[in-house]
Amino acid sequence: MGGVFGRPDAGRQGSHGMKLESKMVESMKQRAAHGTSVKSFNTIIMKFPKIDEGLRKCKTIFEQFDEDSNGEIDKEELKHCFQKLEISFTEEIGDLFEACDINEDMGMKYNEFIVFLCLVYLLNDPTASEAKTKMGLGDLESTFETLVDAFVFLDKNKDGYVSKDEMIQAINESIPGERSAGRIAMKRFEEMDWDKNGMVTFKEFLFAFTRWVGIGENEDDDE
């Protein structure tokens with residue numbers, strides 16, 4: 001995927017980016033208050049095939065939005081599709097688009113669109129709720145909930161971020177006594193912490209997860 005992103009989206013998005021991240025963090029804190037069904041990192045790994053299958057259902061929605069079939073969705077295509085679905089294209093949706101366009105090329109590729117859909121699902125504002133219904137995200141609810149559940153498991157102190165220590169703790173709980181646990185935890189954490197600030201947001205986690213299950217930014221149309 002290349003590119004660096006995460007917390008310092010503020011450099012490109014200013015106060016809008018930070019405001020959006022604050023909303024995501026607050027949403028994750030609210031979810032964390034309800035606990036998680038995930039008991040170990042191994043539980044998350046075992047769900048990879050099912051999550052992969054669920055995320056690939058986003059392909060149909062992606063193709064509907066990618067009106068010129070060039071493999072990415074630009075902001076005008078997103079606006080047009082929202083208009084067709086009679087969904088308000090708010091400033092927050094625009095901010096989400098920019099937050100998920102990690103290569104800053106003004107177009108969301110397939111993996112970026114998956115993250116966009118999951119964040120739309122996560123946010124609890126009226127426009128996001130409307131979008132969930134009209135975009136047919138209800139069919140993807142179980143997949144998105146599994147991803148939220150996995151993040152909540154890693155976020156031990158329930159502050160809306162995953163730290164290096166929390167990742168190490170999660171891996172150690174999964175494979176107690178294993179000498180390589182620390183190395184495995186560090187590798188996974190580095191894959192998530194793209195901005196190298198020592199804290200992983202839910203958005204960073206989602207991008208890493210699409211790679212873990214084998215969904216890259218350049219997906220074949222017939223895949």
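The dialogue below sets computed values against the definitions behind them.

Tutor: This is a predicted model, in which local features need pLDDT of at least 70, side-chain atom pairs count only at pLDDT 80 or more, and totals for chains, interfaces and linings use all residues. Residues are numbered from 1 along each chain as its sequence is written, and side-chain values use heavy atoms, with hydrogens and water left out.

Student: How many helices and strands does the protein chain have, and what makes a run count as one?

Tutor: The protein chain has 12 helices and four strands. Both are DSSP runs numbered from the N terminus: a helix is H or I over at least four residues, and a strand is E over at least two.

Student: Why is threonine 143 called buried?

Tutor: Buried means under 20% relative accessible area, exposed means over 50%, and partly exposed lies in between (1.4 Å probe, protein chains only). Threonine 143 has a relative accessible area of 8%, and is therefore buried. This residue lies in helix 9. Of the 223 residues in the protein chain, 53% are buried.

Student: Which residues does threonine 143 contact, leaving aside its neighbours within four places in sequence?

Tutor: With those neighbours set aside, threonine 143 is in contact with Ile51, Gly54 and Leu55; contact means heavy atoms within 4.5 Å. The C-alpha atoms of threonine 143 and isoleucine 51 are 5.8 Å apart, although 92 residues separate the two in sequence. For the protein chain, 68% of the contacts between residues at least 6 apart in sequence join residues at least 24 apart.

Student: What makes the phi of lysine 158 worth noting?

Tutor: Most residues other than glycine have a negative phi. Lysine 158 is not a glycine, yet has a positive phi of about 60 degrees. The residue is in the loop between helix 9 and strand 3 (162-163). Its relative accessibility is 40%, so lysine 158 counts as partly exposed.

Student: Where is glutamate 86, and why is it called exposed?

Tutor: Glutamate 86 sits in the loop between helix 5 (75-84) and helix 6 (91-100). Its relative accessibility is 61%, and glutamate 86 therefore counts as exposed. Glutamate 86 also has a positive phi of about 60 degrees, although it is not a glycine.

Student: What makes a space a pocket or a cavity?

Tutor: The search uses a 1 Å grid over the protein atoms alone. A cavity is a set of points where a 1.4 Å probe fits but cannot get out, whereas a pocket is an open set with protein on both sides within 12 Å along at least five of seven lines. Lining residues have an atom within 4 Å of a point. Grid points are joined across faces, edges and corners, and a volume is the space filled by probe spheres set on the points.

Student: What is the volume of the largest pocket, and which residues line it?

Tutor: The largest pocket holds about 180 Å³ of space. Its lining includes Lys47, Lys50, Ile51, Gly54, Asp139 and Thr143. Helix 3 (48-55) and helix 9 (141-154) are the elements that give two or more residues to this lining. Helix 3 gives the most, with four residues.

Student: How do the lining residues of the largest pocket divide by class?

Tutor: There are two nonpolar, four polar and five charged residues. Ala, Val, Leu, Ile, Met, Phe, Trp, Tyr, Cys and Pro count as nonpolar, Asp, Glu, Lys and Arg as charged, and the others, Gly among them, as polar.

Student: Which residues line the second largest cavity?

Tutor: Leu55, Ile114, Val115, Leu147, Leu206, Phe209 and Thr210 form the lining. Helix 12 (202-212) and helix 7 (110-122) are the elements that give two or more residues to it, and helix 12 gives the most, with three. By class, the lining has six nonpolar, one polar and no charged residues. The volume of the second largest cavity is about 30 Å³.
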